[in-house]
Amino acid sequence: MITEPQGLHELLGAFVLGGLDPEEHHAFTLHLRSCIDCQREAAQLSGLPALLSLVPTDLTDPASTATSDAQVIPPTPISLTDRIRREQRRRRVWIGALIAAVAAGFLVLGFTIRPAVTGTSAVAGPTLPTQPAGQGINVTAVPDDPAAPVQAALQLVPKQWGTQLDLQASYLPAGGMMTLWIIGTDGTSQQVASWNATGTGRCALSAASAVRTNAIASVELRTDAGKRLATARLTG
Amino acid sequence: MPLGDEMVTAIYVEHADMLRRFALRAMHDAGRAEDLVQEVVFRAWRRSPEPDDMRSYLLASARNLVIDQYRAAARRPQESHDAAIPEVPANAGDPEAEVNRLLDQILVEEALTRLQPDHRNVVQALYFAGLSVQQAADSLGVPAGTVKSRAYYAVRSLRTILDEMGVQQ
């Protein structure tokens, strides 16, 4: 049975997939010779038979190839979630270390690195408070009592907000409480830390002060009674 | 639940079956196939891509992993009996061509599932079952004219779907 002329275009489907009877096949072939649109479309579809031939016929049942809607959601394998946890942990550690490095001034972003002890306030880069974050200053505290040879090393790290003081000390008194004091260049004093004696005579701590690093004249270790144990003088 | 878990679960639920079908055909070993699926999903999570077609992206990733393993196996010809090496495919002269064939196979199957049921049934009847238009009409319980017009829209739709999935002619 020959299709109506207006239906000739549609024969392209069965022409590509197969199934036209000989008459229709002949009619469409003739039509193709004169119809540019059908020629163009046939060209676009010409690869389909080859692609369809890739599919093994026993797998063409849609139910076997598609995941049915009623399928139970498979659980994500434990090994995969474990792997992701490990990667997340690894990333947190790396990012945490990065943040800590920035906070500690070891990575200076966009600032000029200048030792704060020179007291200069010229800064290249964005407008900022008077001192740039930068490298720390290391000082050693001298014991005030020769009979009590406290060893104390301080690192003063300039921050945007002031100064971070990192203290590591040993041969401290075995008991009681101790304090850390900042003596400013203007003569004023303020306590920045207090801690209890540990059985080992050591301590490692960080203190924070709003005082600018270049406004610090010295740092003192004292007992809570006020007795000076060690003093660190900053140069300048 | 952290964002990472949600994404992985979503990818796994939607794509693991199909990835596994490809992996099984490529690796011929259920254990290695599962490893491959997990590696693909893990890499996708790590890169967090936003492709137009996630499934095609995952399959492309799987394809690359399989080819890497085939090449590694080819470099160790004396160890072909080692269970740790993936079985070299039948078309050992061109492993890449074989993998591409398997991939296209999976993609075409996937494309067929994306066809509307009426279109898919006509493709099944005319192409895979080799029925004539009239036989298909009888089988599907519709007029012959309906079979012809559905066939026309089915092939156009199939071509569009394949194009979207990145399948070349």
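User: What does the secondary structure of chain A come to?
Analyst: Six helices and eight strands. Helices here are DSSP runs of H or I with at least four residues, strands are runs of E with at least two, and both are numbered from the N terminus. The model is predicted: local features need pLDDT of at least 70, side-chain atom pairs count only at pLDDT 80 or more, and totals for chains, interfaces and linings use all residues. Residues are numbered from 1 along each chain as its sequence is written, chains are lettered from A and ligands numbered from 1 in the order in which they are written, and side-chain values use heavy atoms, with hydrogens and water left out.

User: Which pattern does chain A follow along the sequence?
Analyst: α-α-α-α-α-α-β-β-β-β-β-β-β-β.

User: And how much of chain A is buried?
Analyst: Buried residues are 37% of its 236 residues. Buried means under 20% relative accessible area, exposed means over 50%, and partly exposed lies in between (1.4 Å probe, protein chains only).

User: Switching to rings. How many aromatic pairs are there over all chains?
Analyst: Four. Rings of Phe, Tyr and Trp (its six-membered ring) pair if their centres lie within 6.5 Å; planes under 30 degrees apart are stacked, over 60 edge-to-face, and the rest tilted. One of the pairs is A:Phe15 with A:Phe28, which is tilted because the planes are at 50 degrees, with the centres 4.8 Å apart.

User: Where do A:Phe15 and A:Phe28 sit in the chain?
Analyst: A:Phe15 is in helix H1 (residues 11-17) of chain A and A:Phe28 in helix H2 (residues 22-34) of chain A.

User: Is A:Phe28 buried or exposed?
Analyst: Buried, at 0% relative accessibility. A:Phe15 is partly exposed, at 26%.

User: What about B:Phe42 and B:Trp45?
Analyst: They form a tilted aromatic pair, with 5.7 Å from centre to centre and 35 degrees between the planes. Both belong to helix H2 (residues 30-47) of chain B; because they are three residues apart, about one helical turn separates them. B:Phe42 is buried at 3% relative accessibility, and B:Trp45 is buried at 6%.

User: What sits over the ring of B:Phe42?
Analyst: The charged end of A:Arg83, 4.1 Å from the ring centre. The rule asks for NZ of Lys or CZ of Arg within 6 Å of the ring centre and within 35 degrees of the ring normal. In chain A, A:Arg222 lies over the face of A:Trp181, 4.3 Å from the ring centre.

User: OK, salt bridges. How many over all chains?
Analyst: There are 20. Each has a side-chain nitrogen of Lys or Arg within 4 Å of a carboxyl oxygen of Asp or Glu. One of them joins B:Lys148 and A:Glu24, at 2.4 Å from N to O. That pair crosses between chains, from helix H7 (residues 144-164) of chain B to helix H2 of chain A.

User: Are B:Lys148 and A:Glu24 buried or exposed?
Analyst: B:Lys148 is buried, with a relative accessible area of 6%. A:Glu24 is also buried, at 4%.

User: Which residue does A:Arg228 bridge to?
Analyst: A:Glu220, with the closest N and O atoms 3.5 Å apart. A:Arg228 is partly exposed at 40%, while A:Glu220 is buried at 7%.

User: What about B:Glu34?
Analyst: B:Glu34 forms a salt bridge with B:Arg20, at 2.9 Å between the closest N and O atoms. The pair links distant parts of the chain, with B:Glu34 in helix H2 of chain B and B:Arg20 in helix H1 (residues 3-27) of chain B, 14 residues apart. B:Arg20 is partly exposed, at 22% relative accessibility.

User: Which residues are joined into one network?
Analyst: A:Asp144, A:Glu220, A:Arg222 and A:Arg228, through salt bridges that share partners.

User: Back to H7(B). Which residues in it are buried?
Analyst: Among them are B:Ala144, B:Val147, B:Lys148, B:Tyr152, B:Leu158, B:Arg159 and B:Leu162.

User: How far apart are the end C-alpha atoms of H7(B)?
Analyst: They are 30 Å apart, which agrees with the 30 Å that its 21 residues should span. The expected span is 1.5 Å times one less than the number of residues. After H7(B) comes B:Gly166, with a positive phi near 85 degrees.
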